[in-house]
Amino acid sequence: MVRWKAGKRIGMVLTASAILMLAACGNSDKTSGTKTSDGLEKAKLVTNWFAQPEHGGNYAALKKGFYKEEGIDMTVEPGGPQISSTQIVASGKAQFGYTQAEDILIARDKGIPLVAIGAIFQKSPQVLISHEGAVKDFSDLAGKTVYTAPGSGYWEYIKKKYHLNVKDMAYTGSLSTFIDNKNSVTQGYVTSEPFVLDQKGVKTNYLYIHDSGFETYANVIFTTEDVLKNNPKLVESFMKATVKGWNYYRDNSDEINPFLKEKNPDLSLDVMEYGAKTEKDLIFGGDAKEHGFGYMSKERWTKLQEELIDLGIIKKKEDVSKLYTTKYLGE
């Protein structure tokens, strides 16, 4: 798997019993509340992939010292293959993480008390990529070989809504099988894969999963009920610096991208420039135009919960006000 790739970026949630075991083992590793010699509070954010523009605001806050200004000695730990931010945060080994909105619902359905505190992407950058001219709308996916992460909520939704008969294949992060098969479709992020494929001479089309009607939030920043209850000041300070970082990255990505490259040397500056430009409207458009970065609505969380129940991915209907909050976005 190539390190710069968008990859599947989907948090894989453990069973509730496994999380409880991890939590028992992980308590001694908790950094929240630990002070450095200069009085900063230690905290950790686990992202959902290697450093790239989709994480640009947090790295901007780190680079520019915004976390330190808020009294936090922040560690940003990249995710990657076999790394689950939901597991790490739920076990207490980190206070904050990135995941997808549906993973918050899946975790809570298993009794794991994760809470969303901000959504980076108002419109998910997740797309289904096809060879040029092969797919014009979702109904054209019928009969195709489709590479997606197993059990992806958005893909189950699309197959059901459009009555698709396809050949499902597990997405591995490699684009080679897609390139070789003109009748195939692969998941990806609009901020990277289309650009890279174009550089390889592969012309493509893509469909946003958001446009299918599955309007999930992507790269959701989350914590746990425990952290919110016992250290709300840390959450407030973390989100203040994070919002400031994302607003800075929006206008100064060229300054921050070399720092991202230090963290992920396999990511080219050309890909980062493309990603930072492409993601702007997905992050700062939609409801964020009126309400600001990170906004989440009750209506969208309710709709997503209903869709996952209908698909049989989750069983419990819960008051959505318990699973997300916009309190710390500085509205």
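Helices (H or I, at least four residues) and strands (E, at least two) are DSSP runs, numbered from the N terminus, and two strands pair if DSSP finds at least two bridges between them. The model is a predicted one, in which local features need pLDDT of at least 70 and side-chain atom pairs count only at pLDDT 80 or more, while totals for chains, interfaces and linings use all residues. Residues are numbered from 1 along each chain as its sequence is written, and side-chain values use heavy atoms, with hydrogens and water left out.

E6 and E8 run parallel and are joined by three bridges. The pairing of E5 (residues 126-131) with E8 (residues 184-189), in contrast, is antiparallel and spans five bridges. Here serine 130 has valine 185 of E8 as its bridge partner, and valine 127 stands opposite glycine 188 in E8.

These strands belong to an open sheet of five, ordered E7-E6-E8-E5-E9, with mixed pairing. E7 (167-170) and E9 (204-208) lie at the edges with a single partner strand each, so one side of each has no neighbour in the sheet.

Helix H6 (residues 153-161) packs on the sheet and touches E5, E6 (145-148), E7 and E8, contact meaning heavy atoms within 4.5 Å.

Technical notes. Axes fitted to C-alpha atoms, helices over the stretch in contact; angles between N-to-C directions.
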